[in-house]
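Trainee: I would like to learn how to read a model such as this one, feature by feature. Could we look at it together?

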Amino acid sequence: MANHYDTGYKELFSYPEFVQQLLEGFAPPEISELMDFSTLKLHSGNYITPLFEEKFEDLVWSVQVNWQGTTQEVYLYLLLEFQSRVDRTMPIRLMHYVACFYDHLLKAKATTPGKGLPPVFPVVLYNGTERWSAKHDIYDMVQPTPPVFLQPYQPHLRYYLIDEGAYTDEELAQRHSPLSGIFSIENAATSWESLQQAVDRIVAIIQADPHKPRIDPIITRWVKRHLQRLGAGINLEALTSLVEDKNMLAENLENLVKKERLEGRQEGRQEGRQEGRQEAEKYALQEKRETVRHLLSFGVLNDEQISEATGLSIHDIAKLRIEGKH
């Protein structure tokens, strides 16, 4: 995970109001509406995973949920996923991480096997340019589909995906929260002009927020990191408040917009994005073909079934079947 996200987003989601905005604005309402956000509590997310021997520092919150007249504590497992490509092993990773978290709770005496394990709501927050295409449940990775008598014995763990880039500007504007403004800034990184508009929008959101004194410095720090990552080339040391210093920031962004127009940088970036999409599509096609070769080796499914499972055309599957015979 890139360092600027590791720092910036972890700071954002170490504050309960941003966790609340994430759940209220982007999680299923049938889940978020049951949560008592005044009970949000941050827990340590630092574990050593015995399988991969790696340290991961994802965020874990607990929140009380009121369900059918009873109150129960639920753990929100928030995984920040900001890699350039979709990680198709995510279901396996999530299963491993949640298992490690449960192991941590047992070792810390937060519960016992006799008392049982608390429910977990795993959320993956992703902001890559390629739309997320990995499976959401590890059960869906088990191929071919097991016979009925084996299905009850297969693993199940589903995570909820929040893919920032999948939301349109209109959808983000409807949410009208500081976090939706941050997502707009992320999505606007294709040009300085669109970034300028997104910054203007988030400044207006902060100005109208009743907790402006608290959230303004938090979002200001995030925006400064984001502009540095984009190589804005402007002096950000004096920027301490998006609200108080909005004129200074607006002037700097306007200069970048003028420079972009003069040098045709936006056109160049669009070409770069097109090349990136083509590369991503090429990579996805290669993965589909590998999956098809794997399924063909089993000799269980016909071409139509494989096409439905992988999205590859029947014509291409037929060609791969012929290649496999030579």
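Trainee: What percentage of the residues of the chain count as buried?

Mentor: Buried means under 20% relative accessible area, exposed means over 50%, and partly exposed lies in between, all with a 1.4 Å probe and protein chains only. Of the 326 residues of this chain, 42% count as buried. Please keep in mind that this is a predicted model, in which local features need pLDDT of at least 70 and side-chain atom pairs count only at pLDDT 80 or more, while totals for chains, interfaces and linings use all residues. Residues are numbered from 1 along each chain as its sequence is written, and side-chain values use heavy atoms, with hydrogens and water left out.

Trainee: How many helices and strands are there in the chain?

Mentor: Helices (H or I, at least four residues) and strands (E, at least two) are taken as DSSP runs and numbered from the N terminus. By that count the chain has twelve helices and seven strands.

Trainee: In what order do the strands of the open sheet stand?

Mentor: Two strands pair if DSSP finds at least two bridges between them. Here five strands form an open sheet in the order β1-β4-β5-β6-β7, with mixed pairing. The edges are held by β1 (35–43) and β7 (160–163), each with a single partner strand, so one side of each is left without a neighbour in the sheet. Neighbouring strands are turned by 25° against each other on average, direction ignored. β1 pairs with β4 (residues 59–67) in the antiparallel sense over five bridges, and His43 stands opposite Val60 in β4.

Trainee: Which helices lie across these strands?

Mentor: Contact means heavy atoms within 4.5 Å, and axes are lines fitted to C-alpha atoms, for helices over the stretch in contact, with angles from 0 to 180 degrees between N-to-C directions. Helix α2 (residues 16–26) lies across β1, β4, β5 (70–81), β6 (120–126) and β7, running at about 130° to β1. Helix α4 (residues 90–107) lies across β4, β5 and β6, and runs at about 130° to β5.

Trainee: How is a pair of aromatic rings described?

Mentor: Such a pair is described by the distance of the centres and the angle of the planes. Rings of Phe, Tyr and Trp (its six-membered ring) pair if their centres lie within 6.5 Å; planes under 30 degrees apart count as stacked, over 60 as edge-to-face and the rest as tilted. By this rule there are eight aromatic pairs. Tyr9 and Trp222 form an edge-to-face pair, 5.9 Å centre to centre with 85° between the planes. Tyr9 lies in helix α1 (residues 3–12) and Trp222 in helix α8, so the pair ties together parts that are 213 residues apart in sequence. Both Tyr9 and Trp222 are buried. Phe121 and Tyr160 form a tilted pair, 6.1 Å centre to centre with 35° between the planes. This pair links strand β6, which holds Phe121, to strand β7, which holds Tyr160, across 39 residues.

Trainee: Is Phe121 buried or exposed?

Mentor: Phe121 is buried, because its relative accessible area is 11%, whereas Tyr160, at 24%, counts as partly exposed.

Trainee: Where is Ser241, and which residues does Ser241 touch?

Mentor: Ser241 is in the loop between α8 (212–230) and α9 (246–263), and it is buried, with a relative accessible area of 8%. Leaving aside residues up to four places away in sequence, Ser241 touches Asp216, Thr220 and Lys246.

Trainee: Which residues does the cis peptide bond join?

Mentor: The cis peptide bond joins Gln143 and Pro144, with omega about -10°, and Pro144 is in the loop between β6 and β7.
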